[in-house]
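Q: Could you take me through this model feature by feature, giving the general idea before each case?

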Amino acid sequence: MANQFTINLGFYMLMPYLAQYLSGNLGMAAWTVGLILGVRNFSQQGMFFFGGTLADRFGYKPVIITGLMLRTVGFAVLGLVDSLPALLAASAATGLAGALFNPAVRAYVAHDARERRVEAFALFNVFYQAGILLGPLAGVALTGVSFRLTCLVAAGVFTVLSIVQIRALPARTPSHGAGSGVGAGARAGAGDGADSSVTSVLAQWRTVVSNRPFLLFSLAMIGSYALSFQVYLALPLEVRRVAGDERVGTIGVGLLFAASGLATIAGQTRLTAWCKQHWGSGRSLVAGLTALGSAFVPLLAATAVPAPPDGPARWALAVGPPLLSALLIALGTMLAYPFEMDTIVALAENRYVATHYGLYNTICGIGITLGNLLTGAALDAAHSAGTPALPWLALAATGGGCALAVFGLHRTGRLTPTAPGQPDRSDGTDRPDEPDKPGKQPAAKGG
């Protein structure tokens, strides 16, 4: 938990201000700034699968530590160099670092939480959002002095975190064998020559990519990440467009992030406890995706209201609907996230959990990239054609489609592993309804 909070604190202390530094202080062209930022995103999203693979083979702690140290170097270099090749290398290093520690951290949480994974991931999201909330505030103060200082402080944060994790984080051995529980001891990959072979890696990947229920769940959830990311893209753009005032736009965007983070910190654990008791995993996931889709209804409704020429009424129209949308996105994420993370472990049947998380992150990263491209194109086309409601309709429909897809997987039993001796329902055959038990250890297949 402290690991993830500090990772986000250091990351969001620096990254929101990197583009302005590159274009302003270093005078780089917009395409160059986009290239540097794109390299970071590509190196992280594209390498999640490999980062998860390494975590399952060599243990979670070594890969977490390696990622933290690599990000330390990357952030320090960002503040000390000004040549394009060096900046590209540093940006790639920071992305690769995230690809290493992100799947490993989540697999570690699942490993230690055992039957309390849902509660653990609810608390994990609180620490995650707290880092996002406090990081930019620290970054504003530091960047006001010097962006180089921001980079060096962020690197120092990761240095301290690396030392603390080396000294205090217990080592954990991933579970690889069929039928092994999350908490069960498994052989160390480094001690088995066959397990360290290329053939073993290919077998590991084949196990993950042939997990049909897991892949179906990943595809069903892909749109939800595109929707939740609109807090960073479509909502800020809409605030600034309607406000028509840079100062009001900046304040409004700040309110979006503050409200979203505070809502999660205040309500996540209590909401998850209620959902686990009354709804269970499947219904909570569907409710979360439905909330994500409905988050764009306030913006859709606002398009029917004539914009006041200026003054407080226009500012209220600029900030009010996006703020409500941001809160609904936070609600959808709070409802779905703990059960989503738990479902991945259940579908993995505790085999190569970090690799499953890695592939899942890569798939959802593709969804974010495509979602941003399509949303940006839809916003431009809508304003050009005079149909401002179009993007919000498309986003709301995406949320509804994701909710229906997950509901179908839940109803046909594809989100519940088949226990030994029971018929395999992965062909879509309905099984008798039974209450969800997200905290129960999933039964693993034999053989």
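The dialogue below goes from the overall picture to helix packing, loops and cysteines.

Q: What should I know about the model before reading any values?
A: This is a predicted model, in which local features need pLDDT of at least 70 and side-chain atom pairs count only at pLDDT 80 or more, whereas totals for chains, interfaces and linings use all residues. Residues are numbered from 1 along each chain as its sequence is written, and side-chain values use heavy atoms, with hydrogens and water left out.

Q: How many helices and strands are there in the protein?
A: Helices (H or I, at least four residues) and strands (E, at least two) are DSSP runs, numbered from the N terminus. In this case the protein has 17 helices and zero strands.

Q: What share of the residues is buried, and what share of the contacts joins residues 24 or more positions apart?
A: Buried means under 20% relative accessible area, exposed over 50%, and partly exposed in between, with a 1.4 Å probe and protein chains only; a contact means heavy atoms within 4.5 Å. Of the 447 residues in the protein, 50% are buried. Among contacts with a separation of 6 or more, 81% are between residues 24 or more positions apart.

Q: How do H5 and H6 pack, and at what angle?
A: Axes are lines fitted to C-alpha atoms, for helices over the stretch in contact, and angles run from 0 to 180 degrees between N-to-C directions. Angles under 35 degrees count as roughly parallel, over 145 as roughly antiparallel, 65 to 115 as roughly perpendicular and the rest as oblique. Here the axes of H5 and H6 are 7 Å apart and the angle is about 155°, so the two helices are roughly antiparallel to each other.

Q: Which hand does the crossing of H5 and H6 have, left-handed or right-handed?
A: A crossing is left-handed if the near helix is turned anticlockwise from the far one by less than a right angle, and right-handed if clockwise. H5 passes H6 in a left-handed crossing. For residue classes, Ala, Val, Leu, Ile, Met, Phe, Trp, Tyr, Cys and Pro count as nonpolar, Asp, Glu, Lys and Arg as charged, and the others, Gly among them, as polar; the contact of H5 with H6 divides into 20 nonpolar, seven polar and one charged residues.

Q: Where is Thr94, and which residues is Thr94 in contact with?
A: Thr94 has its place in helix H6 and is buried, at a relative accessible area of 1%. Leaving aside neighbours within four places in sequence, Thr94 is in contact with Arg40, Gln44, Arg71, Gly74, Phe75 and Leu78.

Q: How do H6 and H7 cross?
A: The axes of helix H6 (residues 84–113) and helix H7 (residues 117–145) come within 9 Å and cross at roughly 140°, and H6 and H7 are therefore oblique to each other. The crossing of H6 and H7 is right-handed. In H6, Val105, Arg106, Val109, Ala110 and Ala113 meet Arg117, Ala120, Phe121, Phe124 and Tyr128 of H7, a contact with eight nonpolar, no polar and two charged residues.

Q: What is the phi of Arg114, and what is the phi of Tyr352?
A: For Arg114, a residue other than glycine, phi is positive, near 55°; Arg114 lies in the loop between H6 and H7 and is partly exposed at 41% relative accessibility. Tyr352, which is not a glycine either, has a positive phi of about 50°. Tyr352 sits in the loop between helix H15 (312–348) and helix H16 (353–385) and is buried, with a relative accessible area of 9%.

Q: How far apart are Pro174 and Tyr352 in sequence and in space?
A: Pro174 and Tyr352 are 178 residues apart in sequence and 7.2 Å apart in space, C-alpha to C-alpha. Pro174 is found in the loop between helix H8 (147–168) and helix H9 (198–209), and is buried at 2% relative accessibility.

Q: How many disulfides are there?
A: A disulfide is a pair of cysteine sulfur atoms within 2.5 Å, and by this rule the count is zero. The sulfur of Cys364 is 9.6 Å from the closest cysteine sulfur, in Cys402, too far for a bond. Cys364 is buried, with a relative accessible area of 1%, and Cys275 is buried, with a relative accessible area of 1%.
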